[in-house]
Amino acid sequence: MITYEYIEQEYNKALEHAYGLIPARNWSSLPTSLVLTDSPRRLGIADERTGEVSINARYKNTTAYTSLRNTIFHELAHFCVGTHNNHNKVFKSVLSRFTAHFEVDSSELQQLIKQVDFKWFVVAHLENGQIHEIGGVHRKTKIYAEYPHYRPNAIHTIKGVKVLRYEYRQNR
Ligand SMILES: [Zn+2]
């Protein structure tokens with residue numbers, strides 16, 4: 001089970017790993033502290049102004065270890081590239097360097113979905129007939145809702161298998 005001490009320990013490990021890949025001097029700004037948030041909507045928050053990395057307290061008492069690690073790296077990537085880059089290509093390339101080998105297990109997502117008040121749950125239907133759980137979202141975005149017509153040239157793949165369509169399932 002995840003405890004505060006575990007979150008702190010993972011945060012420190014993640015920070016060390018991230019600085020190993022991209023030296024601190026090259027970061028847009030540096031995170032200075034770890035706090036827990038009771039935000040009903042977000043798994044993590046990067047606040048460049050205060051230097052705080054906020055992690056959702058709902059991780060406690062779950063076994064969503066990989067998701068926690070991904071959330072920590074996600075927030076660290078925001079500090080690294082600067083929040084002005086939002087979730088653009090620059091952000092994504094740094095995040096994928098940080099988290100190259102992690103794959104969040106769907107049972108972890110299920111635990112978090114129950115905890116965080118997501119309106120929708122997105123699943124991808126793959127060409128090979130499999131269904132891949134993407135995760136919870138608060139509102140519909142064109143990227144999924146209008147796929148593959150939104151950007152006809154950007155066909156998504158998951159582990160090398162083409163995504164045919166996405167489906168929004170009402171979470172509650
Ligand atoms: Zn983000």
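This is a short exchange on how some labels in a predicted model were reached.

Colleague: Why is Lys 140 called partly exposed?

Modeller: Lys 140 has 14 C-beta neighbours inside 10 Å. Buried needs 20 or more, and exposed needs 12 or fewer. The count of 14 falls in between, so Lys 140 is partly exposed. Lys 140 sits in the loop between strand 5 (131-137) and helix 5 (142-145).

Colleague: Which residues is Lys 140 in contact with, leaving aside its neighbours within four places in sequence?

Modeller: Trp 120, Ala 145 and Tyr 168. In contact means that the C-beta atoms lie within 7 Å.

Colleague: What makes Asn 61 exposed?

Modeller: Asn 61 has 11 C-beta neighbours inside 10 Å. The cut-off is 12 or fewer, so Asn 61 counts as exposed. Asn 61 lies in the loop between strand 3 and helix 2. Its phi is near 70°, a positive value in a residue other than glycine.

Colleague: And why is Asn 86 called exposed?

Modeller: Asn 86 has 10 other C-beta atoms within 10 Å. Asn 86 is not a glycine, yet its phi is positive, about 45°.

Colleague: Which residues of helix 1 are buried?

Modeller: Ile 7, Glu 10, Tyr 11, Ala 14 and Ala 18.

Colleague: How do you know that they are on the same side of helix 1?

Modeller: They cover an arc of only 105° around the axis, so they share one side of helix 1. On the other side, exposed residues include Glu 5, Gln 9 and Lys 13.

Note on methods:
Residues are numbered from 1 along each chain as its sequence is written. This is a predicted model: local features need pLDDT of at least 70, side-chain atom pairs count only at pLDDT 80 or more; totals for chains, interfaces and linings use all residues. Helices (H or I, at least four residues) and strands (E, at least two) are DSSP runs, numbered from the N terminus. Two residues are in contact if their C-beta atoms, placed from the backbone, lie within 7 Å. The arc is that of the directions from the helix axis to the C-beta atoms.
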